[in-house]
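Subject: Structure handover

Hello,

Here is the structure I promised to pass on. Please open it alongside this email. My notes follow below.

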Amino acid sequence: MAARKCPMCLQAVAAGHVVAYSDGMECPGCGRRLEVSLGSRYLASLAGIAAGVLAWRQSNPAQGEMGFAAAVLWAFLAYSAVAPLVLMVIADLRVKEEEAVAEPAAEHGHH
Ligand SMILES: [Zn+2]
């Protein structure tokens, strides 16, 4: 499945939109509720954590208290920069399952 495309009408969704509303956005093409699949969200956070660990190692936390604080800051910045970027690239959209809506009673008549 291509990244950032609605599975129903294949309309592409803007990258910023996917990252900002990964929990639920409306398809610009067909108006369905979409969400980023769990798998791609998981991968994006893994990549973010890897970037955080790398930044942590680069910034030498052993250099006293300030070095430690800086390392935490860099690791956090690396995570928050990389995770959304990766999500933009790999985001796989799926139709969000509607919260169970009670069927109108009239619908049962013609089965
Ligand atoms: Zn659509």
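Predicted model: local features only at pLDDT ≥ 70, side-chain atom pairs only at ≥ 80, totals over all residues.

Donors here are N, O and S atoms within 2.8 Å of the metal.

First, the metal site. The zinc ion has four cysteines around it: Cys 6, Cys 9, Cys 27 and Cys 30, each coordinating through SG. The distances run from 2.2 to 2.3 Å. Along the chain, the donors follow the spacing C-x2-C-x17-C-x2-C. Cys 6 sits in the segment before α1 (15-20), while Cys 30 is in the loop between β1 (25-26) and β2 (33-36), so this pair ties together parts that are 24 residues apart in sequence.

The geometry is tetrahedral, with angles of 103 to 115° among the four donor atoms. For four tetrahedral donors, the ideal angle is 109.5 degrees.

Cys 30 is partly exposed, at 32%. The cut-off for buried is under 20%.

Next, Arg 41. This residue belongs to helix α2, which covers residues 38-58. Its relative accessible area is 23%, so Arg 41 counts as partly exposed.

What does Arg 41 touch, leaving aside residues up to four places away in sequence? The contacts are Ser 22, Asp 23, Glu 35, Val 36 and Leu 87. Ser 22 is 19 residues from Arg 41 in sequence, and their C-alpha atoms are 8.3 Å apart. With Val 36, a polar atom of the Arg 41 side chain lies 3.3 Å from the backbone oxygen.

Best wishes

Methods
Residues numbered from 1 in each chain as written. Heavy atoms only, no water. Donors = N, O, S within 2.8 Å, 3.2 Å for Na, K, Ca; no water. Tetrahedral: all angles 85-135°; square planar, octahedral: opposite > 155°, others 65-115°. Helix = DSSP H or I, 4+ residues; strand = E, 2+ residues; numbered from the N terminus. Buried < 20%, exposed > 50% of the residue type's maximum accessible area, 1.4 Å probe, protein only. Contact = heavy atoms within 4.5 Å. Polar contact = N/O pair within 3.5 Å; in protein donor to acceptor, adjacent residues only side chain to side chain.
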